[in-house]
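Try each task before reading its solution.

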Amino acid sequence: MKKTTRFKQLLTSPTLEFLCEAHNGLSAKIAEEAGFPGIWASGLSISAQFGVRDSNEASWTQVLEVLEFMSDATTVPILLDGDTGYGNFNNMRRLVRKLEQRGVAAVCIEDKLFPKTNSFVHGTAQPLADMEEFCGKIKAGKDAQTDPDFCIIARVEAFIAGWGLKEALRRAEAYRRAGADGILIHSALSVPDEVLAFKKEWGDRLPVVIVPTKYYTTPTEVFRQAGFSIVIWANHLLRSALLAMQKTAATLYREQNLLSIEDRIAPVSEVFRLQGQEELDRAERLYLPASGRKVEAIVLAAARGTELGDLTVEKPKTMVEVGGQPILSHIVDGYNGAGIKEITVVRGYRKEKVDLPNLRFVDNDAYGETGELWSLKLALDSLRTLDPKNEKEEKDLIVSYGDVLFRTYILQILLDSDADYTIVVDVNWQESRNRGRFADFTQCSEPFSRLRFGNPVGLVRMSPSLPLEQIHGEWMGFLRVRSSKVQEFHTQVDRLVCEDGGKQLRMHDLLNRLVTEGTEVRVLYTTGNWMDVDSVEDLILAAQFV
Ligand code: SPV
Ligand code: MG
């Protein structure tokens, strides 16, 4: 249903309806969430949130801007407190057209002079508009609207200005004849006498709206019995926010810390919820290119690295310094350089020494008896508990090692891959082989030398003891799993570690299993740009590398 139609229904329905004040998108949303079927865009509140007076100090286009945010943030109709219409009949026409364009359902204009004064300021010293001139403004507004359900409420300020019931009725009748859809009868008394007297004489000639700010002690049932159409709670969100802000500011200033207020204010997550952050997250996943995709990394760093001897008595290999900072710190820099901040490090040996900032840690306390796969399982389990809604499915995953240094370029080519599983393979494998060092040698569907541009290459088998003639390269220790496959990957890891001897398995066992079960593990060939720190000799080379 159109917002205009909905407002007209509220105005003309036989039941008493309630509108709640709002003064920006956030408060409008709060009012709607509370259950209000409509919103009063209060002139007092909107000017106050700007920090100016309710005397047309904010321009009408500034008010319009606020209204647009309010309208966008809500689905219920908005009745604008349009003051005096911001000028004469001509300004009123333009106002109505603009309100319709911005999705505002109705406007209320009051029979005072521009610039207006709030009805509760200056007592009864409030000059009223010429009645005929005001009627022309109503007519002009009605003629300007293109939606037949757009409503114009005429606000009678006769009581506010110290005129009596007779003048109020005379004006209300003139405004009805001019085409108003409803009358707002205002009173500054602390009792409802004026509005009740008006309603009694007026009857049901047009729906009547009231604003009981001053006669707030009147039971609502009195308004219902009297047959009013709408009650407006005109400024109460602004006033409650104001008091809360004053208290918080004073406390913060006095105490110079956040401890005593944190539990008494809305959590940041509530701000995000009201802003609709979740919708944006969904849209980003739908529309942003892959480079904007979220990626998380797991760094397997539980091993001691006994080959480094004394260097790894006090700390694990990943914390051994290269070029003045721990290996892990270089790894983190590499990830950060590719825009990847969510990094989970699996620690084991001397875990307390692995304490760099901005990392998540998962501990494999059985690091001595288990293999890499067990560490990986622990990390995947922990990410799932962090993210029970399984948004992880939306994040790509990169797994790498705590002793492998690399250039960010490696991550970039991995992230550009369109395969579900991708590994990076160095075609310069001979050196590792000649030096007899441990390496994950790979056999691929196509050797690099015979590769034709554009042809995807897949992993066939990976093993540290691959026959020479089958070796096409050396795995650099990077695996990227596409977001949509992370859950399946986790299940596969879980299954494998449960098999006999599963806890001792290594990453290449997992990759081989994926391949034998028919999963394509895409190979990206490259050379250099990485190094594996296994020996003291490697440490010297690593210093040059970083
Ligand atoms: C407003 O909310 O700005 C109003 C109602 O006009 S009152 O302040 O009561 O006049
Ligand atoms: Mg007002």
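**Exercise 1: a helix pair**

In this predicted model, helix α7 (residues 165-178) packs against helix α8 (residues 193-202) at an angle of about 50 degrees, and their axes are 10 Å apart. Classify the orientation of α7 and α8, then list the residues that make the contact.

*Solution.* 

Step 1. Angles under 35 degrees count as roughly parallel, and 65 to 115 as roughly perpendicular. The angle here is about 50 degrees, and α7 and α8 are therefore oblique to each other.

Step 2. Now for the handedness: α7 passes α8 in a right-handed crossing.

Step 3. On the α7 side, L165, A168, L169, A172, E173 and R176 make the contact, and α8 supplies A197, F198, E201 and W202.

Step 4. Sorting these contact residues by class gives seven nonpolar, no polar and three charged.

**Exercise 2: a strand and its partners**

Find the strands that pair with strand β17 (residues 441-444), and decide whether the residues on its two faces are buried or exposed.

*Solution.* 

Step 1. Begin with β18 (residues 457-463): four bridges join this strand to β17, and the two run antiparallel. Within this pairing, F441 stands opposite S463 of β18.

Step 2. Next comes β19 (residues 473-481), which is joined to β17 by two bridges, again antiparallel. Here T442 faces G473 of β19 as its opposite residue.

Step 3. Finally, check the faces. F441 and Q443 lie on one side of β17, T442 and C444 on the other, and all of them are buried.

Methods:
Residues numbered from 1 in each chain as written. Chains lettered and ligands numbered in written order. Predicted model: local features only at pLDDT ≥ 70, side-chain atom pairs only at ≥ 80, totals over all residues. Heavy atoms only, no water. Buried < 20%, exposed > 50% of the residue type's maximum accessible area, 1.4 Å probe, protein only. Pairing = 2+ DSSP bridges. Axes fitted to C-alpha atoms, helices over the stretch in contact; angles between N-to-C directions. Parallel < 35°, antiparallel > 145°, perpendicular 65-115°, else oblique. Left-handed = near helix turned anticlockwise from the far one by under 90°. Contact = heavy atoms within 4.5 Å. Nonpolar A, V, L, I, M, F, W, Y, C, P; charged D, E, K, R; others polar.
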